[in-house]
Amino acid sequence: MLHIDLTSKSTGLALSGGGSKGIAHAGALQFLTEQGLKPSCIAGSSAGAIVGAMYSFGKEPQEILEFFKSIYFFHWKHFTFKKAGIVDSDSFKEYFSEIFGDIKLNELRIPTYITATDMIKGKLKIFNQETKVVDAVLASTAVPGMISPYVINGKLYSDGGILNHFPVDVLQGKCESIIGVYVSPLQNIEAKNLNSIKAVTYRALELLTANSNLQKFNHCDWIIEPKKLADFSTFETNKSKMDLIFEIGYNEAKNSFKNLGS
């Protein structure tokens with residue numbers, strides 16, 4: 001591990017997917033902010049795309065937390081019977097449009113790289129900087145089996161986490177050091193928890209990506225991995241638990257920071 005001094009280095013920040021556990025990204029960013037550490041570029045997938053884009057836009061970590069708390073994912077108006085998902089990806093557009101409007105990725109304060117999966121070509125998509133932030137975020141967060149694919153220029157996109165849940169590699173060559181925040185430890189479950197299509201689908205996806213994600217830790221100069229998040233669900237709706245997830249992210253960043261260079 002290296003001691004990271006963002007005053008003299010270009011440092012990238014890689015933010016994994018993780019659903020509601022992505023709130024821990026905001027907690028980690030709160031600690032980085034307090035230390036005067038600011039990334040020179042960001043790569044995010046799924047929940048990491050939301051947090052990364054909002055932070056790059058200029059939102060404070062506490063504001064990002066409040067944004068997550070303001071959206072009730074399972075509200076009736078989000079459900080669809082006409083698209084390939086339980087929830088309509090377009091139904092979240094208004095939430096992000098209120099923040100980003102029509103700005104493009106190249107208009108964010110910090111260069112931000114957002115991933116999604118091209119469902120037809122079966123390839124990873126890293127959106128070019130002329131893409132609208134709203135479109136990139138909605139495509140990256142369209143979790144298969146739950147949220148319908150998001151359409152951009154006639155192409156169907158789903159969650160960036162399908163092919164690149166932890167986009168550390170996207171930042172390689174763009175900065176001198178990388179901070180990785182990984183908020184998807186294998187969830188602590190029992191057999192009784194696998195009692196629905198949704199539960200089995202997410203467990204399968206979680207297991208599929210776990211090994212390749214952990215290998216990317218070796219490419220990070222500082223890894224922040226809040227393992228306590230294993231006790232939380234992907235779609236957490238309890239606001240007090242969201243506060244706790246934020247706190248866990250903050251504390252893990254603080255504790256791991258002490259070990260840098262040791």
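Modeller: Happy to! Let's begin with Glu190, which counts as partly exposed because its relative accessibility is 48%. Keep in mind throughout that this is a predicted model. The side chain of Glu190 meets that of Lys192 in a salt bridge, with 3.8 Å from N to O. Lys192 itself counts as exposed, because its relative accessibility is 60%. Elsewhere, salt bridges with shared partners join Glu66, Lys69 and Asp243 into one network. A search of the whole structure finds six salt bridges.

Which residue does Lys69 meet at 3.5 Å, N to O? The partner is Glu66, and the two side chains form a salt bridge. Both residues sit in helix H3 (residues 61-70), three residues apart, which is about one turn of the helix. Are these two partners buried or partly exposed? Glu66 is partly exposed, because its relative accessibility is 43%, whereas Lys69 is buried, because its relative accessible area is 15% and the cut-off for buried is under 20%.

Lys69 has another salt bridge, with Asp243, where the closest N and O atoms are 3.0 Å apart. This pair links distant parts of the chain: Lys69 belongs to helix H3 and Asp243 to helix H8 (residues 239-258), 174 residues apart. Asp243 counts as partly exposed, because its relative accessible area is 32%.

Since Asp243 has brought us to H8, let's follow that helix. H8 has 20 residues and spans 29 Å from its first C-alpha to its last, close to the 28 Å expected at 1.5 Å a residue. Its buried residues are Met242, Ile245, Phe246, Ile248, Gly249, Tyr250, Ala253 and Ser256. What do the buried residues of H8 pack against? They pack against helix H1 (23-34), H3 and strand E8 (222-224).

The largest nonpolar core has 64 residues, and Phe67, Phe96, Phe100 and Phe127 touch the most other members. Helix H1 supplies the largest share of this core, seven residues. Take Phe96 as an example: leaving out residues up to four places away in sequence, Phe96 touches Ile50, Phe67, Gly101, Val134, Val137 and Leu138. There is also a second, separate core of 14 residues, including Val168, Val170, Leu171 and Cys175.

One more buried spot is worth a visit. Gly160 lies in the loop between strand E6 (155-159) and helix H6 (161-164), and is buried, because its relative accessible area is 0%. Beyond its neighbours within four places in sequence, Gly160 is in contact with Ser45, Thr115, Ala116, Thr117, Leu124, Ser140 and His165. Asp118 is 42 residues from Gly160 in sequence, with 8.9 Å between their C-alpha atoms.

Met119, Ile120, Val151 and Leu156 make a nonpolar surface patch of about 360 Å². Met119 is in the loop between strand E3 (112-118) and strand E4 (123-126), and counts as partly exposed, because its relative accessibility is 38%.

Key:
Residues are numbered from 1 along each chain as its sequence is written. This is a predicted model: local features need pLDDT of at least 70, side-chain atom pairs count only at pLDDT 80 or more; totals for chains, interfaces and linings use all residues. Side-chain values use heavy atoms; hydrogens and water are left out. Patches are made of residues with over 30% relative accessible area and no salt bridge: like charges are joined within 9 Å, nonpolar side chains (Val, Leu, Ile, Met, Phe, Trp, Tyr) within 5 Å. Accessible areas come from the Shrake-Rupley method with a 1.4 Å probe; for residues, only the protein chains shown count as cover. A salt bridge is a side-chain nitrogen of Lys or Arg within 4 Å of a carboxyl oxygen of Asp or Glu. Helices (H or I, at least four residues) and strands (E, at least two) are DSSP runs, numbered from the N terminus. Buried means under 20% relative accessible area, exposed over 50%, partly exposed in between (1.4 Å probe, protein chains only). The expected span of a helix is 1.5 Å times one less than its number of residues. Contact means heavy atoms within 4.5 Å. A nonpolar core is a set of buried Ala, Val, Leu, Ile, Met, Phe, Trp, Tyr and Cys residues joined through side-chain atoms within 4.5 Å.
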